[in-house]
Amino acid sequence: MAAGAKSFLADAGYGEQELDANSALMELDKGLRSGKLGEQCEAVVRFPRLFQKYPFPILINSAFLKLADVFRVGNNFLRLCVLKVTQQSEKHLEKILNVDEFVKRVFSVIHSNDPVARAITLRMLGSMASIIPERKNAHHSIRQSLDSHDNVEVEAAIFAAANFSAQSKDFAGGICNKISEMIQGLATPVDLKLKLIPILQHMHHDASLASSSRQLLQQLVTSYPSTKMVIVTLHTFTLLAASSLVDIPKQIQLLLQYLKNDPRKAVKRLAIQDLKLLANKTPHTWSRENIQALCECALQTPYDSLKLGMLSVLSTLSGTIAIKQYFSVAPGTTATTARSFDLVKLAQECCYHNNRGIAAHGVRVLTNISASCQEKDLLALEQDAVFGLESLLVLCSQDNSPGAQATLKIALTCMVKLAKCRPHLSQSVVESLLTQLHNAQDAARILMCHCLAAIAMQLPVLGDGMLGDLMDLYKVIGRSATDKQQELLVSLATVIFVASQKALSSEVKNVIKQQLENVSNGWTAYRIARQASRMGNHDMARELYQSLLTQVASEHFYFWLNSLKEFSHAEQCLTGLQEEDYSSALSCIAESLKSYHKGIASLTAASTPLNPLSFQCGFVKLRIDLLQAFSQLICTCNSLKTSPPPAIATTIAMTSGNDLQRCGRISTQMKLSMEEFRNLATRYGDLYQSSFDADSATLRNVEFIRQQQSCLLISHAIEALILDPESASFQEYTSSGAAHVESEYERRMMSVFNHVLEEVESLNRKYAPVSYLHTACLCNAVIALLKVPLSFQRYFFQKLQSTSIKLALSPSPRNPAEPIAVQNNQQLALKVEGVVQHGSKPGLFRKIQSVCLNVSSTLQSKSGQDYKIPIDNMTNEMEQRVEPHNDYFSTQFLLNLAILGTHNITVESSVKDLNGIVWKTGPKTTIFVKSLEDPYSQQVRLQQQQGQPPSQQQQQQQRTAYSRF
């Protein structure tokens with residue numbers, strides 16, 4: 001297959017690239033027609049890969065029709081291969097255009113004398129239930145096959161019945177009685193009954209059907225008390241309740257009853273498993289009595305495995321609204337202390353249990369109670385939680401087993417949560433972590449470092465006093481080059497960067513570099529440099545990037561590292577800024593810009609068609625423009641000294657009625673400067689909107705720069721101090737300044753932000769513009785903002801989520817440069833199809849709810865004739881929102897192209913996430929349409945030009961043609 005096939009149907013519609021898809025399909029078709037069974041099977045199993053590469057209906061329809069032919073005429077093994085392909089490609093089934101033809105070819109095998117062929121056909125129909133839910137012939141075949149004497153066919157019919165019941169209300173209503181008769185019939189074997197019962201979980205389409213299914217299940221639970229029957233029936237019961245929603249409280253009570261009274265451990269385990277499912281799905285339906293009953297069971301059970309399961313359910317509930325309902329005081333009852341509740345007693349009892357899992361869940365319950373019930377006096381509970389966490393930390397940090405590591409992760413997550421919700425506990429938590437770091441195993445140390453960094457990012461708890469301990473540990477750990485040691489070097493370096501509130505001392509840098517030279521590989525050094533860039537330690541980052549330049553194998557990597565080195569050097573230049581020293585500030589900014597321009601050239605060279613580095617280039621270009629705007633603002637402020645207002649400035653101001661004219665040329669320059677900062681704010685907003693796949697920290701960083709660091713803050717300061725001091729309002733800025741901060745960078749930015757606002761507000765009240773105090777205030781604000789080191793966030797280096805949209809337009813030309821011809825008395829029906837493509841972690845940060853398609857047309861060139869044509873609408877501007885289903889969407893637009901000439905039609909897509917935020921993800925696709933004059937109008941016009949009236953017959957034809965519409 002051709003390499004260019006990757007961009008199938010992208011950019012210019014189908015075009016030339018359709019040939020690649022067709023050649024791929026023809027190659028597989030050749031395999032299907034082969035006389036050798038092996039080649040046929042190989043061709044069939046390669047179809048899912050084809051669907052992934054070319055996920056548009058035009059190809060998928062053809063491919064499935066070919067597979068249906070193979071299914072119709074092939075042997076059972078080939079049919080089984082086609083069935084597996086269909087099941088793997090379930091999300092592409094709705095793109096089949098000729099559903100009737102596809103079903104007809106598959107369904108013909110149901111009349112075979114071979115029960116295995118019929119069974120495979122039934123499974124095939126069941127797999128296609130989403131596109132043929134109401135096909136009566138399929139329904140009839142399934143009902144018939146349930147009465148078959150062949151076990152394979154009956155099992156296939158059960159599979160199909162379950163799938164159709166999930167999709168079709170009519171089928172579910174019709175088959176329910178049949179299933180009920182078979183389950184209750186004495187002739188039906190028990191193993192078959194066990195397979196039939198799960199079908200009832202799909203009987204949730206209406207209340208009466210769900211109710212009758214619940215009654216049947218209730219009868220089965222009491223009539224068939226064997227372990228297997230009770231387990232299958234109870235689980236079906238739970239799934240039915242979870243889907244129908246109305247019977248969940250009853251189901252919780254039923255499961256608790258079995259958990260309490262049934263002596264069989266298997267039934268108890270099933271009850272716990274189902275209670276966990278309901279706790280995750282609908283925690284708000286759990287009453288206080290339900291939680292109390294579960295606590296009593298957990299307190300009474302002698303089995304650790306069951307206690308672990310019950311505590312798992314309770315720890316899930318403790319992180320939801322259910323915990324507030326449990327501790328809420330019912331009206332008319334006296335308030336009790338939190339310690340007297342059974343849940344708290346259970347958690348305290350389990351905190352020091354010899355089973356690690358039970359202890360972890362006990363600690364999690366205590367942590368969640370402390371975090372959720374803030375209004376209660378929970379000092380004793382907080383201490384219990386901290387002591388429990390410390391004991392778990394000591395226990396698990398010495399053990400390298402996977403179970404101990406999983407428990408340690410739970411404990412460390414609880415520590416982060418506790419430190420965030422109860423800041424006064426953070427110091428003791430951090431001290432216990434630092435103490436235990438020295439004795440822990442490497443795997444545990446890595447996790448503990450992550451925890452320390454997470455806490456320290458939220459709260460400034462790691463002081464310089466703790467840096468000595470960390471450095472001693474850093475010297476000790478790097479004795480071998482194992483993967484764990486490499487990971488530990490990175491994790492501990494991150495904690496050191498977070499702990500160093502200011503620039504790293506030369507001693508710290510030397511220790512880190514020494515260790516890297518001894519045992520690390522290039523990748524470890526790069527990861528540490530990346531962390532230094534994120535934490536604002538640009539001096540360290542620059543040295544590490546410099547050392548890595550000669551260790552990479554491709555010129556793209558070289559240019560990438562070189563650009564990072566230049567950016568780090570540029571930011572390092574800004575650390576020498578001093579307040580009140582404006583000339584050196586200008587030279588520092590100039591030096592920084594020089595490095596930034598070198599870096600952006602390298603960054604452009606590092607980009608490739610597959611990895612265009614668009615966010616990185618956009619972010620750096622905005623930083624360059626921002627620094628230039630700052631430099632220009634300082635120059636403008638200096639112009640008050642170099643070019644003061646002329647003597648007649650007051651007269652000019654009085655004559656023009658513009659009071660600002662008395663300030664001279666600085667007022668005009670300030671206005672331009674303010675516009676520049678507002679324009680930058682808009683561009684930062686555009687960068688934010690185009691970063692759909694960015695993590696939340698990166699987006700907060702971009703938003704901080706837009707609002708607090710520079711653009712809106714400085715433009716507001718210029719307006720409040722100089723341009724319009726009387727109408728300036730500080731309310732909106734004060735409220736946005738109180739936003740919650742999540743990192744040291746944000747904390748420092750917020751303090752600068754608040755300081756600048758206070759200075760501006762005090763000057764605004766005391767002095768009239770414009771004086772040296774006003775210009776000094778603006779320059780000092782610029783210097784204060786630039787002294788906070790810029791943080792290059794994760795998305796600059798790493799893309800954890802990847803989402804892209806492919807569009808296909810029809811009609812589309814064979815050659816992208818060739819226009820599509822359409823007559824001007826007709827409207828163009830433009831069909832837009834698209835697929836959403838994901839990386840390895842779809843929906844990690846945000847998911848697509850709908851795709852917004854914007855279609856616009858502009859006239860590129862008019863035809864040469866200068867005659868008038870009646871035009872209803874000169875332009876086309878349309879927008880539609882479509883919700884993707886199985887990552888596919890399609891819609892149509894009707895475009896009016898009455899003006900003769902070549903029109904440029906642009907289709908642009910953006911997405912709306914689950915929170916209703918619109919993101920400008922692209923892509924933008926363009927096609928050309930040539931609007932031609934219709935033959936009749938052309939003939940009439942020519943006759944009018946020659947002075948001949950149109951004939952009666954032509955007029956009659958015109959009336960007939962228009963009367964049809």
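Helices (H or I, at least four residues) and strands (E, at least two) are DSSP runs, numbered from the N terminus. This is a predicted model, in which local features need pLDDT of at least 70 and side-chain atom pairs count only at pLDDT 80 or more, while totals for chains, interfaces and linings use all residues. Residues are numbered from 1 along each chain as its sequence is written, and side-chain values use heavy atoms, with hydrogens and water left out. The protein has 42 helices and nine strands.

**Overall composition**

- Of the 965 residues in the protein, 52% are buried; buried means under 20% relative accessible area, exposed over 50%, and partly exposed in between (1.4 Å probe, protein chains only).
- Among contacts in the protein with a separation of 6 or more, 73% join residues 24 or more positions apart; contact means heavy atoms within 4.5 Å.

**Buried sites in helices**

- Ser 491 belongs to helix α26 (residues 483-499) and counts as buried because its relative accessibility is 3%.
- Apart from residues up to four places away in sequence, Ser 491 touches Ile 446, Cys 449 and His 450.
- Arg 530, in helix α28 (residues 522-535), is buried yet has no salt bridge, and Glu 487, the nearest side chain of opposite charge, is 8.4 Å away.
- A salt bridge is a side-chain nitrogen of Lys or Arg within 4 Å of a carboxyl oxygen of Asp or Glu; Lys and Arg count as positive and Asp and Glu as negative, whereas His and the chain ends are not counted.
- With neighbours within four places in sequence set aside, the contacts of Arg 530 are Trp 523, Tyr 545, Phe 797 and Gln 798.

- Ile 805 lies in strand β1 (residues 803-810) and is buried, at 11% relative accessibility.
- Although Ile 805 and Ser 910 are 105 residues apart in sequence, their C-alpha atoms are 9.1 Å apart in space.
- Beyond its neighbours within four places in sequence, Ile 805 has contacts that include Val 835, Phe 889, Gly 922 and Pro 923.
- Gly 922 and Pro 923 are themselves joined by a cis peptide bond with omega about 5°, and Pro 923 sits in the loop between β8 (918-919) and β9 (924-932).
- The peptide bond from Ser 810 to Pro 811 is also cis, with omega near 5°; Pro 811 is in the loop between β1 and β2 (820-823).

**Positive phi in loops**

- Leu 245, which is not a glycine, has a positive phi of about 70° and is placed in the loop between α13 (227-244) and α14 (248-261).
- Asn 886 has a positive phi near 50°, and its loop runs between β5 (876-882) and β6 (888-896).
- Asn 886 is partly exposed, as its relative accessible area is 34%.

**Surface patches**

- Patches are made of residues with over 30% relative accessible area and no salt bridge, like charges being joined within 9 Å and nonpolar side chains (Val, Leu, Ile, Met, Phe, Trp, Tyr) within 5 Å.
- A patch of negative charge on the surface gathers Glu 579, Glu 580, Glu 758 and Glu 759; the place of a charge is taken as NZ of Lys, CZ of Arg, CG of Asp or CD of Glu.
- A nonpolar surface patch consists of Leu 37, Phe 77 and Leu 80, which together have about 260 Å² of accessible area.
- Phe 77, in helix α5 (residues 76-88), counts as partly exposed at 47% relative accessibility.

Conventions: Areas by Shrake-Rupley, 256 points an atom, 1.4 Å probe, with all protein chains shown as cover.
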